[in-house]
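Q: Could you show me how to read helix packing and burial in a model of this kind? I would like the general idea before each case.

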Amino acid sequence: MNLILPRKFRDVITKKASLSGALDTLIDIFSEWLTHNKTDFFPEYTDHGIDHIQSVIDTAEEIISDEAWKIITPEDVYVLTSSILLHDCAMHLSKDGLWDLLSNGLYNGVLFGFDNEDEWSVRWEQFCKEVKRFDEHDYSTFFGEFRKVTLPEVDCASLDDNQKIIIGDFVRRYHACISQVISTYGIPSKNGPTVVFNDSFNYLNQLSGFIARSHNHPLREVVDLLGDERKREHRETHPTYLMGVLRIADYLQLKSDRTPKILFKTIGFCSPISIKEWKKHLSIISTNNFHPDDELLFIEAYPEDAITLVGIKHLLSGLQKELDEFWAVSGEVYSRYNPLNSLTIKYRRVKSNIDNPIKYVEDNHKTYHPEVLSVKADDQKLFPLLIKPLYGDLPQIGLRELLQNSLDATNERYSQETSLITNYETIPHSINIKINFNDNTFILKDNGVGMNIDVIRNYFLKIGSSYRTSEQWKSDFNDNDSTKIPRTGKFGIGMLAGFLIGDKIEVITTHMNDHSKSIRFAYKLDSNEIELKFINKSDIGTSIIVHSDKARLETLRDSLKNIFPSVTKYNYYRQDINPSSWWYFLDTPNIITEIIEGDKSKEIRSPYIIKKETLDKEWTKIVDSRLDGFYWRHNSKQANVYCNGIMIQKMPSPIITITDSFNSVDFSHLEICSFDNSAEFPLNLTRDELVTKGFYEEDKLRTSVLSDFIEKFNKFFIEYVYGKNSILSMVELYSKSTWSNLFIPLIFKVDKVIPFGKKDNEEKYTLVDFIYSNQKRGLIYSNNFESLKNDIYYSCFENSEKKIETIENAINFLLLFRRGTEAWRFASIDEVNDKDNFQLNSFLYLKEYDFEKIKEENIVYLKERGVLVTKLSGWVVMYKGSSANPLPELGSTILNSIGGDIFMFALYKTVKLNCSEFSDLWEERFCSNNE
């Protein structure tokens, strides 16, 4: 496909035959290159090929006014057309061409209109350092997901697709500059530059490269680079006018299916995924046929989703800005000079049918909300002495301190309005947080009780003095010996903590009992005089406006990515990790967080909410606590501690342990929610840990957790009937409740279930089954299992995979009487004597094939400790005692009559067995009434 020069361009340039021939040759060269060359670094993007270039040329002809055509020179046509050919051609740079650009010093020369710039190798080195600092969010911008990418060395022979896409961002960043390099030196390639411009017209070629580069800079900025002597007229051209035509034509491709092009710097074409979606969904029809204003460009658009709608709005706003800037700059350059003041374009204004997006959605029956929500996220002596050592200079802590004041204020207002205790009430007063990058402010607005002059003077501006510990506060919110609201703020340093976010703070507040007027004031750390001003009435409540900076606001925004650090039994909060900005997790008062960046605004809701109404339904309450509410529940994903809805971020939930004579079972996934109206909960100053060594009322928590654990078996116990289904149901319940992979400390008899550890003289053998439920392995899955019910009692190990660790664990338990939660290596451990706890007369049956997995040195180790080994038709029996002791006949019966997938089982009788906490609780709850 060949590019075609429009008729009006052709009519002008043919006035100079030599220039016309040079331009035709140039068009042929670019037609060939753009048609056959692939965009190595933009594999999913094709809009910058030959169709796009043709569209920009056609659009440039379209927007030039009739008056301007009388002034346009052949040189103008040559420079404008060649700059259009150049302006996006860098996207077609090949891998070898890029390596040539980075390593060939030829391309580092000074370019027309620009001073000395960094060499290309330096630019690449800086880009590589930047990529090394990429985080998960940066990679998601490119790929829509996290992919770790390492950039190659220069001259690398091959690139993978991920590397190409990242390198594409380097090309995008410098594509305009590369276009000027090509006009000056040629196209970088494996064998050096390929010259494409006619040397005879270098005086124009340099200007073409400059104008091509200009489309990536503000118009006024590049016009000034030309200087007064060249920006109006230069070598029979009109550079300022040509730059304006190029950039507006690049926006508007009126001749390409009547669809304007989205300037790639507007949407960031470094993300191929984004580009692909825009191309897929964007649908625009451009017309001004029905408008009497000849200078009005009316864009008719029919976006089918909110992303496209907002994107087109942003595009049109950018287009209007370009039009305004063109008319302003061209007016400065040409308006006083006749006939140059005729160098105009056809359009001044742009409007569309989506100017009112709500009306557009309603009129066109679209089923989406016309807004895109996006994440938008000092120093006086006293501050470093008091705040920084406590909080580590983290803006997130400033947010928390201001937020907890607002939470208290909204609860206080509702309590005064209703005289109710607010802990479990739905609070109708909300809290709004705005992080605004446009003016670098952090705003927290609540509809709480507000402040009067007395509170401002005596408490808010008085460090260390908390209104919520004052007698006035107590008289308002104490009822007899109880407090009506959960009280979090009590240290009186909230006004200082605000300086963690910014250096100047403004306050607007209206007290609920004096809302005829509002108070406004501002202060800094070094403010000696703070003036309180009365302003027109505003909403009841308080607004805090903190004047911040981009870095601290970015910290707040970025810390909203993670709801909170991962806290498990083995992965506690690490102090080197900055805390999240998410602090409050109750559903009421409602907190609305909004991030404003450019013309985009996104409302963010907490990804995790604890609903007050579910506390008595889905949580277990500790009824005898001194707190005003103390709840817990099992939650393996969110095992965190909350006080008055605020998460104690450095504190993992406590671990409750119970022994069952064999194992120590940990309940380590407890989520805890407490209400503290009377300041009982021993929080430290930074509210991220307790000042006490152990957890608050841990004994009461422990009792509640263990009682709940035992109570879960009640239903199964009542309905218990000896058999596979009943036994497996209780085994599964125990295993899931404790995350145990070891011995299930329950003994199943024909008529009842007793705990391992019960003092009971056993006349029958207890069978130890090694089951693996996922594969239905074990004696219990045999067809004839229930035929043994009168001969044995049943017990089992759950999750018993065919591994040496399972065998070792069984040997430790049954033959060496050792306990533990990890597999022991026989010969590598010291002697451990647990015989005072329990002792069994055991026979362990193990398939000969699996027995051979035990190392020889460990067999020797066992024999030294009195363990005998007897082979029995494909099986091995291990036991302690003398060789004269007969093997139990029951073992042979099991081997001969029970089929199924088994590799190990055991029989034992109790010699000595002490009670455990688990067995005591079990007997207390179930066994005493079933003897």
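Q: How do the axes of helix 11 and helix 13 cross?
A: Bear in mind that this is a predicted model. Angles over 145 degrees between N-to-C directions count as roughly antiparallel. Here the axes of helix 11 (residues 219-226) and helix 13 (residues 239-251) come within 10 Å and cross at roughly 150°, which means that helix 11 is roughly antiparallel to helix 13. The crossing of these two helices is right-handed.

Q: Which residues make the contact of helix 11 with helix 13?
A: On the side of helix 11 the contact is made by Leu219, Val222, Val223 and Leu226, and on the side of helix 13 by Pro239, Thr240, Met243, Gly244 and Arg247. By class, the residues of this contact are six nonpolar, two polar and one charged.

Q: What span does helix 25 reach, and which of its residues are buried?
A: The span of a helix can be set against the one expected at 1.5 Å a residue. Helix 25 (residues 698-711), with 14 residues, reaches 20 Å from its first C-alpha to its last, close to the expected 20 Å. Its buried residues are Leu701, Ser704, Val705, Leu706, Phe709 and Ile710.

Q: Is Thr73 buried or exposed?
A: Buried means under 20% relative accessible area, and Thr73, at 13%, is therefore buried. Thr73 lies in the loop between helix 4 (66-69) and helix 5 (74-87), and, leaving aside neighbours within four places in sequence, Thr73 is in contact with Val12, Glu236, Thr237 and His238.

Technical notes:
Residues are numbered from 1 along each chain as its sequence is written. This is a predicted model: local features need pLDDT of at least 70, side-chain atom pairs count only at pLDDT 80 or more; totals for chains, interfaces and linings use all residues. Side-chain values use heavy atoms; hydrogens and water are left out. Helices (H or I, at least four residues) and strands (E, at least two) are DSSP runs, numbered from the N terminus. Buried means under 20% relative accessible area, exposed over 50%, partly exposed in between (1.4 Å probe, protein chains only). Contact means heavy atoms within 4.5 Å. Axes are lines fitted to C-alpha atoms, for helices over the stretch in contact, and angles run from 0 to 180 degrees between N-to-C directions. Angles under 35 degrees count as roughly parallel, over 145 as roughly antiparallel, 65 to 115 as roughly perpendicular and the rest as oblique. A crossing is left-handed if the near helix is turned anticlockwise from the far one by less than a right angle, and right-handed if clockwise. Ala, Val, Leu, Ile, Met, Phe, Trp, Tyr, Cys and Pro count as nonpolar, Asp, Glu, Lys and Arg as charged, and the others, Gly among them, as polar.
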